[in-house]
Amino acid sequence: MPAATAAWTAQQLLVIFTALPFAKSFMSPPIPQSTAEMQAELHRLREENDMLKSLVRDAPVAFVALDLERRVKLWNHAAERIFGWREEEVIGKPLPHVPAAGEESSRELHKRVVAGNSLRDIEIERITKAGQELRLSLSTSPLRDIANNIIGQVGVYDDPDEGAAPEIPFRGLVEQSLVGLYIIQDRMFQYVNPRWAEMFGRTQEEMAPRLVADFIAPEDRGTVEANLDRRISGKISSIFYHFKGLHKDGRLVDVEVQGTRFQYRGRPAVIGVGIDVTEARLREQEIARSQERLRELSQHLLTVREEQRSKIARELHDVLGGTLTALKMDIGWLKKNTTETRLAARAETMMELVRDAIDTVRKISAELRPGVLDNLGLFDAIEWEAERFRARMGIECKLALQSLPVEIEDAAATAIFRIFQESLTNIARHAQATRVEIAAGHVDGTLLLSVQDNGQGFDMKAAGDSKSYGLIGMAERARQFGATLDIASEPGQGARVLLRYPLAVKVEGK
């Protein structure tokens with residue numbers, strides 16, 4: 001019999017047993033009237049009693065009736081099967097299946113019922129004749145005679161074999177669900193579906209009924225129990241969180257759960273779903289490690305590139321520049337000391353070529369690594385680059401530069417300068433601007449560098465979806481030395497690049 005059917009039958013049989021007129025006559029003889037009426041009434045009652053006895057005796061759930069002294073008056077076949085004692089072993093005797101620890105609560109329950117109270121779906125613990133512990137649901141009501149006097153107590157137990165799993169709608173879908181589902185009450189799993197048990201390497205029978213804490217990693221038990229208590233108490237109705245569970249093989253599993261408070265068998269419980277995210281967490285960690293390695297590689301490549309550019313710039317300036325300067329001096333000597341007109345003219349031509357070569361070397365060297373950045377500092381390098389941009393592109397540049405309270409380390413200064421250079425390059429290539437405003441200073445210990453143009457602007461979303469390597473490179477440079485880069489633009493509204501870099505500001509007197 002399905003669990004839901006068993007639970008319904010138990011309640012219906014209890015109603016029949018305690019409410020119908022012939023149920024009362026089962027425990028108390030009828031009051032006779034005339035002889036003929038008495039015979040007819042006795043015949044009717046015998047038939048009804050036989051029907052009731054058969055119903056109770058063969059019911060699929062356990063019926064147990066007690067008198068006012070808690071002695072057993074009824075013990076049906078289901079009670080024999082569930083608890084192990086035969087009817088003749090218990091009739092007229094105290095309840096045999098109440099454990100010592102539950103004796104006091106059993107007495108208190110009996111007092112409440114014989115005082116006139118009916119109780120439904122009470123979770124209790126009982127034992128079998130073989131000593132096995134059972135957790136059952138009990139529905140119980142007063143037992144009355146035909147005069148409506150309370151003469152005892154009758155109770156119906158759900159069969160644990162038939163009703164161990166809770167009454168869950170759409171059980172087929174629940175049992176086949178790809179996510180774990182559970183019901184928790186009294187800090188115990190009352191039900192888990194196959195997927196939930198599989199997440200812990202268990203069977204359903206191994207997990208329910210069992211304490212929730214038995215399946216939680218020690219460091220997370222307090223969190224899980226606190227979250228359960230918060231919902232059971234009504235402080236919150238639902239919560240989503242993560243914990244580490246204990247797999248049967250000893251390893252830890254990462255579990256994400258969403259649980260909600262609800263009423264189960266007349267008392268607060270938690271019903272929820274969960275998924276095993278162990279593999280997903282491992283993949284996330286591996287992706288994070290890969291991204292970090294890529295960032296380290298990118299930073300290394302940028303550092304190496306700057307070092308190579310500086311080295312080449314020095315070689316061009318010191319070696320090639322020096323050689324060309326010496327050649328220029330020699331050509332000047334030759335020109336000065338020759339009287340041959342043709343040689344003098346050729347020397348002048350050579351002098352012009354050497355001058356052009358020296359200028360070219362200087363420009364290339366400055367492009368690779370501006371000497372002003374090393375010699376005078378970041379803001380002077382920004383001003384120098386802005387002047388070069390103005391002269392080269394014919395775009396008006398307005399500068400507002402504030403002195404810095406501290407010196408910036410070389411790597412950060414180089415990165416900020418390269419971001420500034422890339423900003424001007426993007427303006428020259430795409431903006432069609434006529435004016436650029438450049439501002440740099442510090443506010444509350446943060447260096448701020450802003451580059452704003454009045455150009456045609458661009459669609460930020462479209463730029464994000466495209467392969468805008470210039471913008472990506474600028475953002476990556478900023479991230480690598482602890483800065484943030486905000487780029488804002490709209491079509492027809494120009495664009496603004498804002499860099500923020502935390503400074504170790506000097507304190508006066510230190």
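Trainee: Which helix do E103 and R107 both lie in, and how many residues apart are they?

Mentor: In this predicted model, E103 and R107 both belong to helix α6 (residues 103-114). They are four residues apart, about one turn of the helix.

Trainee: What do the side chains of E103 and R107 form?

Mentor: They meet in a salt bridge, with an N to O distance of 3.4 Å.

Trainee: Why does E103 count as partly exposed?

Mentor: E103 has 25% relative accessibility, so it counts as partly exposed. The cut-offs are under 20% for buried and over 50% for exposed. R107 is also classed as partly exposed, because its relative accessibility is 45%.

Trainee: Moving on, which residue does R135 form a salt bridge with?

Mentor: The partner of R135 is E125, and their closest N and O atoms are 3.3 Å apart.

Trainee: Where do R135 and E125 lie?

Mentor: R135 is in strand β4 (residues 133-144), while E125 is in strand β3 (residues 119-127). The pair therefore ties together parts that are 10 residues apart in sequence.

Trainee: What is the relative accessible area of R135?

Mentor: The value for R135 is 24%, which makes this residue partly exposed. E125, at 45% relative accessibility, is partly exposed as well.

Trainee: Which residue pairs with E387 in a salt bridge?

Mentor: E387 pairs with R390, and the closest N and O atoms of the two are 2.6 Å apart. Both residues are in helix α15, three residues apart, about one turn of the helix. E387 counts as partly exposed at 39% relative accessibility, and R390 does so at 28%.

Trainee: Which residues do salt bridges that share partners join into one network?

Mentor: That network consists of R86, E88, E89 and K129.

Trainee: And how many salt bridges does the count come to?

Mentor: The count is 25 salt bridges.

Trainee: Back to α15: at what angle do α15 and α16 pack?

Mentor: Helix α15 (residues 378-393) packs with helix α16 (residues 410-431) at an angle of about 15°, and their axes are 10 Å apart. The two helices are therefore roughly parallel, as angles under 35 degrees count as such.

Trainee: Is the crossing of α15 and α16 left-handed or right-handed?

Mentor: The crossing is right-handed. Residues making the contact include W384, F389 and M393 of α15, together with F417, F420 and L424 of α16.

Trainee: How many nonpolar, polar and charged residues does the contact have?

Mentor: The contact of α15 with α16 has 14 nonpolar residues, one polar and one charged.

Notes
Residues are numbered from 1 along each chain as its sequence is written. This is a predicted model: local features need pLDDT of at least 70, side-chain atom pairs count only at pLDDT 80 or more; totals for chains, interfaces and linings use all residues. Side-chain values use heavy atoms; hydrogens and water are left out. Axes are lines fitted to C-alpha atoms, for helices over the stretch in contact, and angles run from 0 to 180 degrees between N-to-C directions. Angles under 35 degrees count as roughly parallel, over 145 as roughly antiparallel, 65 to 115 as roughly perpendicular and the rest as oblique. A crossing is left-handed if the near helix is turned anticlockwise from the far one by less than a right angle, and right-handed if clockwise. Contact means heavy atoms within 4.5 Å. Ala, Val, Leu, Ile, Met, Phe, Trp, Tyr, Cys and Pro count as nonpolar, Asp, Glu, Lys and Arg as charged, and the others, Gly among them, as polar. A salt bridge is a side-chain nitrogen of Lys or Arg within 4 Å of a carboxyl oxygen of Asp or Glu. Buried means under 20% relative accessible area, exposed over 50%, partly exposed in between (1.4 Å probe, protein chains only).
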